[in-house]
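Hi,

Here is the structure I promised to pass on.

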Amino acid sequence: MKQKIPFIDLGAAYQELKKELDEVYSHCMNTGWYILGKETLAFEEEFARYCGVDHCIGVGNGLDALHLILRGYGIGPGDEVIVPANTYIATWLAVSYVGATPVPVEPDEYSYNIDPARIESAISSKTKAIIAVHLYGQPADMDPINTLASEYGIKVIEDAAQAHGAKYKGRRTGSLGDAAGFSFYPGKNLGALGDGGAITTKDADLADRLRVLRNYGSRVKYKNEIKGYNSRLDELQAAFLRVKLKYLDEWNTRRRKLAAIYLESLAHTTLKLPEFPEWVEPVWHQFVVRGIKRDLLQTELAEKGIATMIHYPIPPHQSGAYIEDYQGYSFDLTEQLSNSVLSLPIGPHLSREQQGTVIDEIILLA
């Protein structure tokens, strides 16, 4: 029988922390307080401290985090926001939610993150912000992005949904721009047991606005100051995240060790392997390789019981959601990536034996 190697084993993650997770579940259920309580407040304080910022605001999911940041800065119809062409569609959707226009910029060919050298030509008088995505767990090159933004008086927003704990020149993601949006979707490096998200920032005024925006526009129940939203990290997920935050660095270390083995073992295959500069510490949310026969490789690995994924098969500008808006636009590198990238298993519960099987099969096939 073929060995089944999942892309990520969330069940094993639960089993490792079962005792602690079950204890906080029981505690939360017995309190009878499930929204905006002590667990959420404690997680916000702990995650802000972890990221090296003053404020964390728990919200419903990662998309809401980006959307609310834009709302908090008053960005809306008639404004433009620079986004990576190569990203998950949520980055673009957040911009569309506020009525602004996403302005895509191609990645560089090494990190697959937005290319700082291409950003300035995309800035116009309508540009209000740049969203830099730390794709696959590798921080974008933030210094030139921040310098450019400062020159033009625009905001820098991190989409850190895949980069919990990653570092750029010694500083953690979540502290590298004006504000950052995180996702705690279960498969993330710091994943809840449901959905969830958070915003981190050093800006006290923004943090205050966001706490009002996420809660129906209200500080005090039934006193609604503005037209707000219902997007709150619930107590149970906050409690689970508090447990898992204690293990985040350890689990990221496991990912780094697996990545190092992949890099060494697959160096002589035909695959293009990930590259990263010495001044970043990726957390390897995904280990993404490129191959000209990607689809064939994925099919053959699946036949061997090895699960892989494609992040992402359809660029936002070619999706049904945006194709009419971007007719005639061409983002060659982004399109090349969508046709060639393949993500290999790299979760913190992938065993060395399982990884060895993945490597052996790839060497035979690639």
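Before the strands, a word on terms: two strands pair if DSSP finds at least two bridges between them, and helices (H or I, at least four residues) and strands (E, at least two) are DSSP runs numbered from the N terminus. Keep in mind that this is a predicted model, in which local features need pLDDT of at least 70, side-chain atom pairs count only at pLDDT 80 or more, and totals for chains, interfaces and linings use all residues. Residues are numbered from 1 along each chain as its sequence is written, and side-chain values use heavy atoms, with hydrogens and water left out.

**Strands**

Let's start with β1 (residues 55-59), which pairs with β9 (residues 197-201) in the antiparallel sense over five bridges. Within that pairing, V59 stands opposite G197.

**Aromatic rings**

I get 16 aromatic pairs, counting rings of Phe, Tyr and Trp (its six-membered ring) with centres within 6.5 Å; planes under 30 degrees apart are stacked, over 60 edge-to-face and the rest tilted. One of them is Y262 with F287, a tilted pair at 4.8 Å centre to centre and 35° between the planes. This pair links distant parts of the chain, 25 residues apart: Y262 is in helix α10 (residues 248-265) and F287 in strand β13 (residues 287-290). Both Y262 and F287 are buried.

F43, F47, Y50, F182 and F184 form one aromatic cluster. The charged end of R172 sits over the ring of Y50, 4.0 Å from its centre; for this, NZ of Lys or CZ of Arg must be within 6 Å of the ring centre and within 35 degrees of the ring normal. K221 lies over the face of Y222, at 5.0 Å from the ring centre.

**Pockets and cavities**

On a 1 Å grid over the protein atoms alone, a cavity is a set of points where a 1.4 Å probe fits but cannot get out, and a pocket is an open set with protein on both sides within 12 Å along at least five of seven lines; lining residues have an atom within 4 Å of a point. Grid points are joined across faces, edges and corners, and a volume is the space filled by probe spheres set on the points.

The largest pocket has a volume of about 670 Å³. Of its 30 lining residues, Y88, S183, Y185, K188 and Y312 are the closest to its centre. The second largest pocket comes to about 230 Å³, and K221 and Y222 are among the residues that line it.

The search finds four cavities of 30 Å³ or more. About 110 Å³ lies in the largest, whose lining includes Y110, Y136 and W284.

Cheers

Definitions and conventions: Buried means under 20% relative accessible area, exposed over 50%, partly exposed in between (1.4 Å probe, protein chains only).
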